[in-house]
Amino acid sequence: MNPVIHAQLDWDDQGRPHSRVFDDVYFSDQSGLEETRYVFLEQNRLQERFAALPVGGRLVIGETGFGTGLNFLCAWQLFEQHAVAGARLHFVSVEKYPLSHADLQRALALWPELAPFAEQLLAQYIAIHQGFQRLVLDNGRVTLTLLIGDALDQLPQLDAQVDAWFLDGFAPAKNPDMWTAELFAQLARLAAPGSTISTFTSTGWVRRLINAAGFKMKRTPGIGHKWEILRGEFLGWPVETPPPAQGKPWFARPAPLQGERSALVIGGGLAGCATAASLAARGWNVKLLERHGALAQEASGNPQGVLYLKLSAHGTALSQLILSGFGHTRRLLEHLHRGVDWDGCGVLQLAFNAKEAERQAQLAEAFAPGLLHPLDTAQAQARAGVALAHGGLFYPEGGWVHPPALCEWQARHPLIEVLPHHEALELRRVDGQWQALAGDHLLASARVVVLAGAAEVKRFAFSADLPLKRIRGQITRLAQTPASQALATVVCAEGYVAPARLGEHTLGASFDFKNDDLTPTATEHAGNLDMLREISADLALRLGADTLAPGDLEGRAAFRCTSPDYLPIVGPLAERDAFDEAYAILRKDARHVPTAPCPWLDGVYINSGHGSRGLVTAPLCAELLAAWLEAEPLPLPSSVAEACHPNRFAVRALIRSNAGKP
């Protein structure tokens, strides 16, 4: 993975930004607003298209070159003026050199009339790192997905149907890499039927390349100093060009739901509350079933969880998910009460042995300092506020979160009905509706059911074979002392300790693969105190750890729920017997990709298996699940969405049977 490099800017005497890398301006030196509205909004007929959207309808705009966000804000403003209240705007933009927050704020100050939209964008323009970054704006009415990186790395991983394209890279003469046949082929692959396209350039070779990709381009009068610009429509994939490779049918999208948009979400923890919120933001009526008397009573109920990234320098699917999920959760936390519900105090991961130090050195080379950077022992001690035996990696945007507060905030949507003391023991489909039952008692019904109850999803017959396992974890609550108030950041080694919340530090968490009893034990409290001493003997002394009797300590235990490959399980479920029959060829030839459509279980989805990373992965996976249901642009690369798909296990089982493995 390549670290994010922010745009290097110079500013002219009018306060306008200029790119040093491309030696070009970001917008017209005469009237950037007028040019954007004419070239991109008018040529794509966006005013009439926004006005024509029905309630529940949406329009997807794709853009090459986010830059200062001017095109996005103008499109959003027009959408706000002309679209009905129940419509939604999706804007997907690729950007190799994103502006820093300070530069974006300075650039957008040039356009006072866009201030109401710019303020919302700036409030969410944080934790922007490489890969897919999702920003939810205007209470979910507007979604911005930024693809941070080279366009030809990012666009091939995008799964979307784009209704209008803005081609707004720097001028072809300044940035030829953004105007290639390969890039235009990606635009064609992603174009919805009848997709439109526009660009400020009228260069002949650019027009010919776009035409060759399947668009019909024509020159049209320009604006300002531009004599001509280009606009066009997508006619279809060129006959003479080999079509894009077909995806595997078991990762294809189920047919979109028609009619009533209602869902049962089973489980009121992080995954369930996030799923309910993502669906409600799209106009779904959601019933959130929780077997306990309140939300977040199991693994999501700890007083403090750590917002932390356990990354790989090699860009694995899990690492990409964590990086995108971290940014998404970090942006959500801006809606909560800092200091009580969360604190962005940073996270320090100690280099507590040689192997960990080597891993951290690789990470420091692979990621930008704004995400993580190494500290020596003295720097680490200064940052943490307590004595430490090691330096480590510091994550300045990390911190701790009170997970129940996040759950409760997400479930507070008017379209979500929380049903406590509702334990679904059986799910049954009757007349196109999924019914949740407890014995003979009907708890609730809806068109779609989402299983978000951790390992409890295995109680239902159609999800019983999902390879989810429970791992017990216990945390210890320690009363803050005058001396422990010095702790200024979360510090992690094998476990973690957080600065105090409401007078208590959280310490943990144990891993126990065998114990099914959730009663806290003195043995694990003692183990947590040992972890505290390994993190910082000084902090242990400040907390009086040697005077504490483990049997008298307070804490709680819960089950993490994880999968064999440590990725969550997110997406639509298939009917397993029919799946095995449809793709039986995989038993004989693992490389063969059959064309038979996947036998989906109509209206059954899952969001589970988040392990100890639920704070980072569950909210973005809720967006992924909603995108599956709504046929929207996916918020993650296709390869990552497929790596999280429930069908991966069924495919592997068929292939293993071919290899003669158990």
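Predicted model: local features only at pLDDT ≥ 70, side-chain atom pairs only at ≥ 80, totals over all residues.
Figure 1. Take Cys 492, which is in no disulfide: the nearest cysteine sulfur belongs to Cys 345 and sits 9.9 Å away. Cys 492 is also buried, with a relative accessible area of 5%. As a reminder, a disulfide is a covalent bond between the sulfur atoms of two cysteines.

Figure 2. Cys 273 is buried, with a relative accessible area of 0%. Which residues does Cys 273 touch, once those up to four places away in sequence are set aside? They are Gly 267, Gly 268, Leu 288, Leu 295, Cys 407, Gln 410 and Ala 411. Trp 409 sits 136 residues from Cys 273 along the chain, yet their C-alpha atoms are separated by 8.7 Å.

**Figure 3. Helix α9 against helix α13.** Helix α9 covers residues 270-280 and helix α13 covers residues 403-410; their axes come within 8 Å and cross at roughly 25°. At that angle, α9 and α13 are roughly parallel to each other, and their crossing is left-handed. On the α9 side, the residues that meet α13 are Leu 270, Cys 273, Ala 274 and Ala 277. Their partners in α13 are Pro 403, Leu 406, Cys 407 and Gln 410.

**Figure 4. Helix α3 against helix α5.** Helix α3 (residues 70-82) packs on helix α5 (residues 115-124) at an angle of about 120°, and the axes are 10 Å apart. That makes α3 oblique to α5. Is the crossing of α3 and α5 left-handed or right-handed? The α3 and α5 crossing is right-handed. Phe 72, Leu 73, Trp 76, Gln 77 and Glu 80 are what α3 brings to the meeting, while α5 brings Phe 117, Ala 118, Gln 120 and Leu 121.

**Figure 5. Gln 360, a buried glutamine in helix α11.** Gln 360 is part of helix α11, which spans residues 354-366. At 6% relative accessibility, Gln 360 counts as buried. What does a polar atom of the Gln 360 side chain lie 3.1 Å from? The backbone oxygen of Gln 349 is at that distance. Gln 349 also turns up in the contact list of Gln 360, together with Leu 350, Ala 351, Gly 392 and Leu 393, when neighbours within four places in sequence are left aside.

**Figure 6. Ser 198 and its polar partner.** Ser 198 is found in strand β9, residues 191-199. This serine is buried, with a relative accessible area of 0%. Its side chain joins that of Asn 44 in a polar contact of 2.8 Å. Beyond neighbours within four places in sequence, Ser 198 has contacts that include Val 39, Phe 40, Gln 43, Trp 165, Phe 166, Leu 167, Leu 230 and Arg 231, as well as Asn 44.

**Figure 7. Thr 180 in a loop.** You'll find Thr 180 in the loop between β8 (162-167) and α7 (181-190). Buried or exposed? Thr 180 is buried, with a relative accessible area of 17%. Leaving out residues up to four places away in sequence, Thr 180 touches Leu 152 and Leu 209.

Figure 8. Most residues other than glycine have a negative phi, and most peptide bonds are trans. Gly 508 and Ala 509, though, are joined by a cis peptide bond, with omega about -10°. Ala 509 lies in the loop between β28 (504-508) and α14 (522-535). Asp 138 has a positive phi, near 55°, and lies in the loop between β6 (131-137) and β7 (142-148). For Ala 631, phi is likewise positive and near 55°. Ala 631 is in the loop between α17 (614-630) and α18 (638-643), and counts as partly exposed at 34% relative accessibility.

Note on methods: Residues numbered from 1 in each chain as written. Heavy atoms only, no water. Disulfide = S-S within 2.5 Å. Buried < 20%, exposed > 50% of the residue type's maximum accessible area, 1.4 Å probe, protein only. Helix = DSSP H or I, 4+ residues; strand = E, 2+ residues; numbered from the N terminus. Contact = heavy atoms within 4.5 Å. Polar contact = N/O pair within 3.5 Å; in protein donor to acceptor, adjacent residues only side chain to side chain. Axes fitted to C-alpha atoms, helices over the stretch in contact; angles between N-to-C directions. Parallel < 35°, antiparallel > 145°, perpendicular 65-115°, else oblique. Left-handed = near helix turned anticlockwise from the far one by under 90°.
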